[in-house]
Amino acid sequence: MIGDYSYSEFFSILAMQGFAGLILFSVFVLMALGLAIIFGQMGVINMAHGEFMILGAYVTYLCSVVVTDYVPFLFPVYFFVAMALAFAASFGLGVLVEWALIRHLYRRPLDTLLATWGLSLALQQLYRSVFGAREVGVTLPDWMMGSISLGDAIEIPINGLFVMGLTMIIAAAVYFIMFRSSWGKRVRAVVQNRVMAGAVGINTKQVDRMTFGLGCGIAGIAGSAFTMIGSTGPTAGQLYIVDTFLVVVFGGAGSLIGTIASAFTISQAQSTLEFFLSGSMAKVLTLLTVVGILMLRPQGLFSLNIRR
Amino acid sequence: MLAVENLKVSYGQSEVIHGLSFAVKPAEIVAIMGRNGMGKTTLMKSLMGIVPSSSGVIRIGDTPVQTLESFERVERGLAYVPQGRMIFSTMTVKENIETGLTVTGETEVPPQIYELFPVLLDMKGRRGGNLSGGQQQQLAIARALASRPKVLLLDEPTEGIQPSIIKEMARTLRRIRDDIGLSIVVSEQVLSFALDMADRVLVIERGEIAHEATRAGIDEAKVASFLSV
Ligand SMILES: Nc1ncnc2c1ncn2[C@@H]1O[C@H](COP(=O)(O)OP(=O)(O)OP(=O)(O)O)[C@@H](O)[C@H]1O
Ligand SMILES: [Mg+2]
């Protein structure tokens with residue numbers, strides 16, 4: 001017996017909450033990937049990352065509305081289109097922001113911090129003006145609702161599985177782009193030594209712009225996934241940015257596996273603890289544990305072993 | 001092939017290169033010699049577009065490049081092996097060489113490069129940072145050659161390398177020149193290495209050319225006197 005629960009009840013709860021945490025996990029992974037890519041590439045901490053996510057969420061919402069009104073027979077598959085559009089919108093905005101703002105502030109980390117924070121406020125206001133202050137939600141197609149039963153006590157939500165599957169595909173794609181494609185080679189060269197990368201013939205400014213766009217675009221996809229666990233409002237992104245930083249630091253900056261492991265640990269810890277404690281207590285416990293582990297392993301969960 | 005006219009380079013208020021002019025013919029090897037702090041690295045960096053020049057013209061063939069960015073100069077045929085090598089340490093040897101392919105659009109490392117530096121073929125899967133200093137130097141040269149340059153800039157390639165390997169390197173560089181016919185500008189403090197490989201020697205002293213000699217007509221004692229403190 002654990003508290004008032006029998007062991008089998010307890011494990012069912014763990015499993016249920018675990019699966020319920022899948023979407024949160026996916027959102028964390030995607031957000032952290034984007035944030036880590038941008039930070040690794042240009043040392044920019046993007047405080048507006050949450051707003052790029054929310055842009056993706058609004059795009060998904062718009063898609064659901066438009067499809068319901070005009071082409072209802074496409075409703076079952078609209079979510080795929082919405083994700084692609086969410087990516088495109090956030091990617092586009094990212095490229096624009098890099099061009100208009102970020103590129104003037106490289107090598108000035110405090111200024112970029114302030115500038116992106118200002119950007120996040122500006123975007124929140126923009127969302128408020130365009131979409132209104134009220135939160136909006138999307139309707140999911142029927143096939144994504146409901147759940148698969150495993151045994152009598154455990155239910156796995158279908159949308160959770162779907163989003164996790166997609167997240168894994170995107171993580172794999174990012175890994176492929178970074179470590180197997182020639183574009184990724186250029187990105188890594190710029191990350192290592194910007195000046196030298198230019199001197200071997202790499203257009204570092206173009207690499208910067210595309211990388212920033214990619215990071216933001218992935219946040220847009222996270223926004224699509226986010227619509228399944230929360231309602232979309234102008235400031236909803238704010239709630240996620242801190243958790244995402246936590247995931248990145250805990251995972252060890254620059255390690256894809258580390259990011260995934262850390263997103264998994266943190267989302268699962270929060271999701272299961274929330275069942276037994278209040279939400280804020282769960283947060284505090286998670287945070288304390290992460291801080292404790294970071295004191296023992298300052299480099300994060302995973303890091304590269306290499307002479308530099 | 002490479003022509004520099006009246007080049008001036010400053011760091012902030014202090015001018016380090018004061019109106020330098022020289023030209024390098026196709027397939028010629030020119031050694032730029034000078035003591036520590038005389039501006040060799042600064043010259044290389046400004047040729048490469050890493051440090052901006054305040055005035056003067058740099059031409060590759062007939063194209064002026066002094067206003068272009070580094071990567072555009074590489075596209076026009078310049079390649080650079082910096083002092084301290086600066087290979088990408090977390091990337092593998094093969095990936096390091098492949099970064100040089102960006103401007104050519106090739107996807108495979110040309111086999112000649114591995115022929116010149118067989119050791120790199122043996123180690124192509126290793127991370128660059130785990131190579132020895134001499135191997136890193138070869139890697140940096142291979143990476144520069146991958147962009148199929150017309151002019152190769154080498155900044156103190158012999159720094160921290162044992163004498164027997166230095167001789168070997170001089171031979172390799174001459175062989176590269178003979179094979180591909182590219183021009184080489186090499187900055188150097190080791191006189192014997194410069195004599196081994198260069199067709200012409202320029203001595204720079206406080207940002208100006210103080211002495212110039214062809215290999216045949218070189219007065220070793222005079223050059224040595226510039227290099228001793
Ligand atoms: N970033 C910099 N800012 C200010 N001054 C610099 C900078 N880099 C070099 N200098 C100065 O410019 C002068 C020339 O330096 P440079 O590195 O070109 O010399 P060098 O001939 O390559 O010397 P070495 O043989 O030691 O490599 C030196 O007096 C140096 O102090
Ligand atoms: Mg130097």
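**Ligand 1 and magnesium sites in chain B**

The shell around ligand 1 is made up of three nonpolar, seven polar and three charged residues (Ala, Val, Leu, Ile, Met, Phe, Trp, Tyr, Cys and Pro count as nonpolar, Asp, Glu, Lys and Arg as charged, and the others, Gly among them, as polar). The model is predicted, so local features need pLDDT of at least 70 and side-chain atom pairs pLDDT 80 or more, while totals for chains, interfaces and linings use all residues. Residues are numbered from 1 along each chain, chains are lettered from A and ligands numbered from 1 as written, and side-chain values use heavy atoms, without hydrogens or water.

Ligand 1 is surrounded by 13 residues, the closest being B:Gly37, B:Lys40, B:Thr41, B:Thr42 and B:Glu156 (a heavy atom within 4 Å). Helix H1(B) gives the most to this shell, with three residues. Oxygen atoms of ligand 1 lie 2.8 Å from a polar backbone atom of B:Gly37, 3.2 Å from one of B:Met38 and 2.8 Å from a polar side-chain atom of B:Glu156. Ligand 1 alone exposes 640 Å², of which the protein buries 59% (Shrake-Rupley method, 1.4 Å probe).

Turning to the metal, B:Thr41 (OG1) and B:Gln83 (OE1) coordinate the magnesium ion (ligand 2) at 1.8 to 2.1 Å (donors are N, O and S atoms within 2.8 Å of the metal, or 3.2 Å for Na, K and Ca). This pair links distant parts of the chain, 42 residues apart: B:Thr41 sits in helix H1 (residues 40-48) and B:Gln83 in the loop between strand S6 (78-81) and helix H3 (93-99) of chain B (helices are DSSP runs of H or I, at least four residues, and strands runs of E, at least two). B:Thr41 is partly exposed, at 21% relative accessible area, and B:Gln83 is likewise partly exposed, at 24% (buried is under 20%, exposed over 50%, partly exposed in between, with a 1.4 Å probe and protein chains only).

Definitions and conventions: Polar contact = N/O pair within 3.5 Å; in protein donor to acceptor, adjacent residues only side chain to side chain.
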